[in-house]
Amino acid sequence: MTVLCLVELDGGGAADASLRALAFSRDLAASTGPASTGETAGPAGESLAAVVFGPAAGVPADALAAAGVSVAYAAESDRLTGYAPLAWARAIAELAGVSSATAVVAAATDRGNEVLAHLAAITGVPMAANCATAARAPDGTCRLVRHRWAGSLLEDAVLDASPALLTVAVDAVAATPAAVPAAIMVNAYQPALDDADVAVCATESAERSGGVSLATARVVVGGGRGVGGPEGFGALEELAGLLGGALGVSRVVTSQGWRPHKQQVGQTGTRISPELYMACGISGAIQHMAGCLSAKHIVAVNTDPDAPIIAHADYAVIGDLNQVIPALVTALRARAGSP
Amino acid sequence: MEILVCVKRVPMVGGKVVVTPDGQDVDTRMSGFTVSPHEECAVEEAVQITERLGGTVTVLTLGPAEAADQLRDMLALGAGHGVLLETDGREWGPIATAAAITDAVRRRAAGPDGGYDLLLFGNEAADTGDYQVPVRVAHALGLPCVTGIKNLEISESPDRAGAGANAGAGAAAGARARREYRGSEEIFDLALPAVISVKEGINLPRYPSLPGRLRAKRAVIEQFQPEFAGEGLRKEMLRVPPGESKRAEILGTGADAVPALVRLLDELGVLS
């Protein structure tokens, strides 16, 4: 009996989102105690297995062992020349059988949600997306908490299905290691795939976007409706530049066409997790806040002391960003210029 | 090019979500309704494709009778037909929703209008965020599928019979779909017909024109009553996350706050 977790790779290691999904999977596996019949026999919990797509040599075995994985499957096929959602799901369906998986877990990334949705459709079972926690109840069901509205609302739910298919709301779970690292076995696995399984297969573009990435920036300077128009972002960009950060904007800004959508922070834009988020002229609608829940510190600059953003912020300046930000830029320049 | 776009009526939430006292729904007494943002972009994308290649956009929703309002909003943007799969207002799960959509697609394919060349969805509904209805529909119909698309190019076949031919043939109708992947893009080529879900940012939806609004007001919306089915993921309770109920420390007012702001940035270690 196993909890099987899809692990995505990033630069040769396990992706951070997948390490979080592994921590979630480990908790789920550990929750499967013996049924409350008074008997104490049986192993405490289930084992944790991982599936990685690619050659066995590319499996980040140490990181997986540290996360508590006892078996890692390296799924590889001549037919798989790149990421193919349906093929990944077919392979995981086979491995779920091989490993007697009671649950299959993936990070709620584009790929994770997509592959598990295919797996759900193949196997005809429900799938719970964006879970924050999950544990086995004595009756064998999964009791879980999942995100709605991108985390602005929580749903307590019961998942009655085998296997339980779950994706993990990455912001809600920390990538903690296991108390005791597992002894890991890496097994190469050849899934049986046909042409239809690989008909949709990704090629990766060679182009990389330059500059500081919004998703990983240490500082984000945000601008909202209060900026007033497309010409008002100069000072915010300058501030972002001085702080080595990126410019982010609210949905109203992209809907008006003031800035490109790729700069949007929010439920339908980019999720950020900076050390500092400076939200300027942003009211704090839940659509926006869903994108910056992981910011360590939020400083709001707003004319309205009752704006919702003030209740989410750690610090606030009450005032017009068009006066505050240029003055701040001047002060920072003076500071940088002085010996 | 015959395109189906599936949309969902969702509450228009602003500064906070309020749950009904029984914990089963979002309290919408004080809010309006809208279409999930990704889906509005799906409608815009479909309208742009038919403006270029000809054809018709059908917009479909599953929801209560009032969801006809959202269909009319989308008709005002340029969709030609509306289909309402009317429910009694209960929340439908993704399995039953996908089954009802699949039935509607098959019903249309069996009729004089024939099937769709392209089925567009939003990547996920703004409220339930289940991330699976498009994939389930694709499986039920045996169509290729990709999700989360931010850029879509459709190439038309010289004759419609070309659809379904080998992707390598070049002449077949196909879609090239791109999505963001870790600072880069992944690119998918699909033969049509296909199911594609898109994300906001793929385009900037237009505002409805006055003639569009008038046309939408008069449009006849086809209605069906699919049968509800429960499923294995059961909602027990909705609740607002335990807020840290922060009270921001006020650093000051206007430009006078700048010295305090600089000190704070210094303390946070973000000044180089």
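Helix 6 of chain A contributes the most to the lining of the second largest pocket, giving 4 residues. Helices (H or I, at least four residues) and strands (E, at least two) are here DSSP runs, numbered from the N terminus. The structure is a predicted model, in which local features need pLDDT of at least 70, side-chain atom pairs count only at pLDDT 80 or more, and totals for chains, interfaces and linings use all residues. Residues are numbered from 1 along each chain as its sequence is written, chains are lettered from A and ligands numbered from 1 in the order in which they are written, and side-chain values use heavy atoms, with hydrogens and water left out.

The second largest pocket holds about 1,300 Å³ of space. Of its 48 lining residues, the closest to the centre are A:Arg251, A:Val252, A:Ser255, B:Thr34 and B:Glu40. At least two lining residues each come from helix 6 (251-255) and helix 7 (286-289) of chain A, and from strand 2 (9-11), strand 3 (33-35), helix 1 (37-53) and helix 2 (68-76) of chain B. The lining divides into 21 nonpolar, 20 polar and 7 charged residues; Ala, Val, Leu, Ile, Met, Phe, Trp, Tyr, Cys and Pro count as nonpolar, Asp, Glu, Lys and Arg as charged, and the others, Gly among them, as polar.

Pockets and cavities are both found on a 1 Å grid over the protein atoms alone: a cavity is a set of points where a 1.4 Å probe fits but cannot get out, a pocket is an open set with protein on both sides within 12 Å along at least five of seven lines, and lining residues have an atom within 4 Å of a point. Grid points are joined across faces, edges and corners, and a volume is the space filled by probe spheres set on the points.

The whole structure contains 2 cavities of 30 Å³ or more.

The interface of the two chains comes next. In contact (heavy atoms within 4.5 Å) are 78 residues of chain B and 87 residues of chain A. Between them the chains bury about 7,000 Å², 56% of it on carbon and sulfur atoms; buried area is the accessible area (1.4 Å probe) that two parts lose on being put together, summed over both. On the side of chain B, B:Arg182, B:Leu233 and B:Lys246 lose the most area to chain A, together 9% of what that side buries.

Across this interface there are 11 salt bridges, each a side-chain nitrogen of Lys or Arg within 4 Å of a carboxyl oxygen of Asp or Glu. B:Arg182 takes part in a salt bridge with A:Asp10, with the closest N and O atoms 3.9 Å apart.

Over all chains, the structure holds 32 salt bridges. In one of them, the side chains of A:Arg90 and A:Asp197 meet at 2.7 Å, N to O. This pair links distant parts of the chain, 107 residues apart: A:Arg90 belongs to helix 3 (residues 85-98) of chain A, and A:Asp197 to the loop between strand 11 (185-189) and strand 12 (203-204) of chain A.
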